Amino acid sequence: RSPSTRIDLSTCFQKKTFIENTNMSVKIEVGHGLDGGITKIPQSSKGVMTLGPLRLLGWLETRLGVELPEVSFTVRMLQYLQCLKECDSEQRFYHQSLMQDELGVARELLQRRDQWYEAGWDGGTLSADVSDRLRDLVEVETLAGERVAPGTGQRIRRVIAALSSQSSDISLVLLDEPETFAKVWQQVFSILNADARSFALSVNGAPGSDLAHLQSALLNTETR
């Protein structure tokens, strides 16, 4: 076979394991950095998986039947920009900036919106004493809530709703403190009765070696 048609058997096995594990009792270890970092080597096998938050979200969506087509941030940004334009007026706090740099404004405000959803916002009205800027964005949300593809926080809220109405045989182990995750993730962990077991990194290079000194510097520890 030519390189372009060669089959990566290891990748096929990982995908097969991931799909199989959506239909059985599983134990999942989840921690920051495991979506692509090297803090812990992911070891996925039948019934056991090590995932980062984003991969866990995708797995839960598939398992619970609430998965959605993948939409890039750029597409979502353009969708949100249209909502900003339709709600725009000279009284909007973002009016002048939108005229100067519409893509930059849409990017910044969409990122803030995504952060709010991950912090627990449900997209509805806020308290009466909020700033005019927040009131403007709540009004924009009356359009964006229907027209902009869901961000991570909204997707997690869909998972929470599904978990609340379905039984689930999932054993979840946290490799980082629950408080270090977004509020909506903490709700998921609470529903699944997640077990928090911190995964402590350590210096494992030979004492006095360059590797040990490098690991020590990276971990902000001292070796003797």
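This is a predicted model: local features need pLDDT of at least 70, side-chain atom pairs count only at pLDDT 80 or more; totals for chains, interfaces and linings use all residues.
Glu108 forms a salt bridge with Arg112, with 2.9 Å between the closest N and O atoms; a salt bridge here is a side-chain nitrogen of Lys or Arg within 4 Å of a carboxyl oxygen of Asp or Glu. Because the two residues are four places apart in helix 5, Glu108 and Arg112 are separated by about one helical turn. Helices (H or I, at least four residues) and strands (E, at least two) are DSSP runs, numbered from the N terminus. Glu108 counts as partly exposed at 36% relative accessibility, and Arg112 is partly exposed as well, at 34%. Throughout, buried means under 20% relative accessible area, exposed over 50%, and partly exposed in between (1.4 Å probe, protein chains only).

Residues are numbered from 1 along each chain as its sequence is written, and side-chain values use heavy atoms, with hydrogens and water left out.

The structure holds nine salt bridges. Side chains of opposite charge can pair when their charged atoms come close. Among these pairs, Asp114 and Arg76 meet through their side chains at 2.8 Å, N to O.

Glu139 and Arg92 provide another salt bridge, at 2.8 Å from N to O. This pair also links distant parts of the chain: Glu139 belongs to helix 6 (residues 132-147), whereas Arg92 lies in the loop between helix 3 and helix 4 (95-100), 47 residues apart. Glu139 is partly exposed at 40% relative accessibility, while Arg92 is buried at 14%. Asp136 joins the picture here, as Arg92, Asp136 and Glu139 are linked in a network of salt bridges.

Attention now turns to the nonpolar interior. A nonpolar core is a set of buried Ala, Val, Leu, Ile, Met, Phe, Trp, Tyr and Cys residues joined through side-chain atoms within 4.5 Å. The largest one has 25 residues, and those with the most contacts inside it are Ile28, Leu56, Trp59, Leu60, Trp185, Val188 and Phe189. At least two residues of this core come from each of strand 1 (26-30), strand 2 (48-51), helix 2 (53-64), helix 7 (152-165), strand 3 (170-174) and helix 8 (183-191). Apart from this core lies another, of 16 residues, which includes Leu81, Tyr94, Val105 and Leu137. Returning to Phe189, its contacts are Val30, Leu56, Leu172, Leu174, Phe181 and Ala194, not counting residues up to four places away in sequence.

The structure holds zero disulfides, a disulfide being a pair of cysteine sulfur atoms within 2.5 Å.

Leu211, Leu214 and Leu218 form a nonpolar patch on the surface, with about 330 Å² of accessible area together. Patches are made of residues with over 30% relative accessible area and no salt bridge, with like charges joined within 9 Å and nonpolar side chains (Val, Leu, Ile, Met, Phe, Trp, Tyr) within 5 Å. Accessible areas come from the Shrake-Rupley method with a 1.4 Å probe, and for residues only the protein chains shown count as cover. Leu218 is found in helix 9 (residues 210-219) and counts as exposed, at 68% relative accessibility. Asn193, in the loop between helix 8 and strand 4 (195-196), has a positive phi of about 50 degrees although it is not a glycine. Asn193 is exposed, at 67% relative accessibility.

Conventions
Contact means heavy atoms within 4.5 Å.
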